[in-house]
Amino acid sequence: MFKGSMPALVTPFKNGALDVDTLKQLVEWHIGEGSHGLVPVGTTGESPTLTHAEHDKVVQIVVEAAAGRVPVIAGAGSNNTLESIRLAQAAEKAGANGILVVTPYYNKPTQSGLIAHFRAVHDCCDLPIIVYNIPGRSVVDMSPETMGELAKLPRIVGVKDATGDLSRVPQQRITCGSDFIQLSGEDATALGFNAHGGVGCISVTANVAPKLCADFQNATLAGDYDTALTLLDKLMPLHIAIFKEPGVAGAKYAMSRLGLCNAEVRLPLTSISSETEALLDDALRHAGLLN
């Protein structure tokens, strides 16, 4: 259903407003470069600082521009269950193929609270759900056992795992089953993630280097780890440089250097430092993306 390289799409801005034309162009570019799916309005899409109207509009634009050529997994996460339900229903109405729902941040729910939250979102619509487990941001970690309970629900089909713990993949195969879709949420460990049983990555770096990331994922899924390692060697400096500061700011700067969009981010994020700019320029050259 969902596999391979799926960019966690940035949301382009122009003078503080959504840059709709550029967003449409990015969708075309990503599909042409071989991306296997698109994930708008996640954290990298600056969902925390989008209005509800902007959030819904981005999903609608991406779905319409993709036109069924690749799946679209729309961000629908919130620490407010009612808001997550609204986002999920709006994504379904827009024609998204699935939703990405993060563990509720800041509230610090128990494991039983996580089950109740995800069950409520599950029951509100008919879309497949990818659980987004990122304890470094949400300060709550969904255990493999809890995920196994949720995997019994018919529309909770997979996880975006950003724990950085590669042992989670086989643990979740045990609790959720081998058909449960496991997607990496961390570019730098995506090779090991797939070797342990993962099937793809919702990637920040794929905003900048979609063809390299798609080729990398194709190689791992074909079991060609020699090719995958060669591609990882090209990509690793970019993975590192993008995350020297908040990833969306790094990705947008790199994209601006490639003429894809401007580097504008919304407060409280700010533009990256000159030192990180230099690292990104070097990494882009190393990957063969910049002269």
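Tutor: Gladly! Helix 9 and helix 10 are roughly antiparallel to each other. Before we start, note that this is a predicted model, where local features need pLDDT of at least 70, side-chain atom pairs count only at pLDDT 80 or more, and totals for chains, interfaces and linings use all residues. Residues are numbered from 1 along each chain as its sequence is written, and side-chain values use heavy atoms, with hydrogens and water left out.

Student: Why are helix 9 and helix 10 called roughly antiparallel?

Tutor: The axes of helix 9 (residues 210–221) and helix 10 (residues 225–242) cross at roughly 155 degrees and come within 8 Å. Axes are lines fitted to C-alpha atoms, for helices over the stretch in contact, and angles run from 0 to 180 degrees between N-to-C directions. Angles under 35 degrees count as roughly parallel, over 145 as roughly antiparallel, 65 to 115 as roughly perpendicular and the rest as oblique. The pair is therefore roughly antiparallel.

Student: What makes the contact between helix 9 and helix 10?

Tutor: Contact means heavy atoms within 4.5 Å. Helix 9 brings Leu212, Cys213, Asp215, Phe216, Ala219 and Thr220, while helix 10 brings Tyr225, Thr227, Ala228, Leu231, Leu232, Lys234 and Leu235. The residues of this contact of helix 9 with helix 10 divide into 9 nonpolar, 2 polar and 2 charged. Here Ala, Val, Leu, Ile, Met, Phe, Trp, Tyr, Cys and Pro count as nonpolar, Asp, Glu, Lys and Arg as charged, and the others, Gly among them, as polar.

Student: How do you know whether helix 3 and helix 4 are parallel or antiparallel?

Tutor: Look at the angle again. Helix 3 (residues 81–94) and helix 4 (residues 111–124) have axes that cross at roughly 30 degrees and come within 9 Å. Helix 3 and helix 4 are therefore roughly parallel. Their contact is made by Thr81, Ser84, Ile85, Ala88 and Gln89 of helix 3 and His117, Ala120, Val121 and Cys124 of helix 4. These residues of helix 3 and helix 4 divide into 5 nonpolar, 4 polar and no charged.

Student: What can we conclude about helix 10 and helix 12?

Tutor: Helix 10 and helix 12 pack at an angle of about 165 degrees, with axes 8 Å apart. They are therefore roughly antiparallel. Among the contact residues are Pro237 and Leu238 of helix 10 and Leu279 and Leu280 of helix 12.

Student: What makes Lys160 lie over the face of Tyr132?

Tutor: A charge sits over a ring if NZ of Lys or CZ of Arg is within 6 Å of the ring centre and within 35 degrees of the ring normal. Lys160 lies at 4.0 Å from the ring centre of Tyr132, over its face.

Student: Which backbone feature is there at Pro268?

Tutor: Leu267 and Pro268 are joined by a cis peptide bond, with omega about 15 degrees. Pro268 lies in the loop between helix 11 (247–257) and helix 12 (274–286).

Student: And what is the phi of Val41?

Tutor: Val41 has a positive phi of about 55 degrees, although it is not a glycine. Most residues other than glycine have a negative phi, and most peptide bonds are trans.

Methods. Helices (H or I, at least four residues) and strands (E, at least two) are DSSP runs, numbered from the N terminus.
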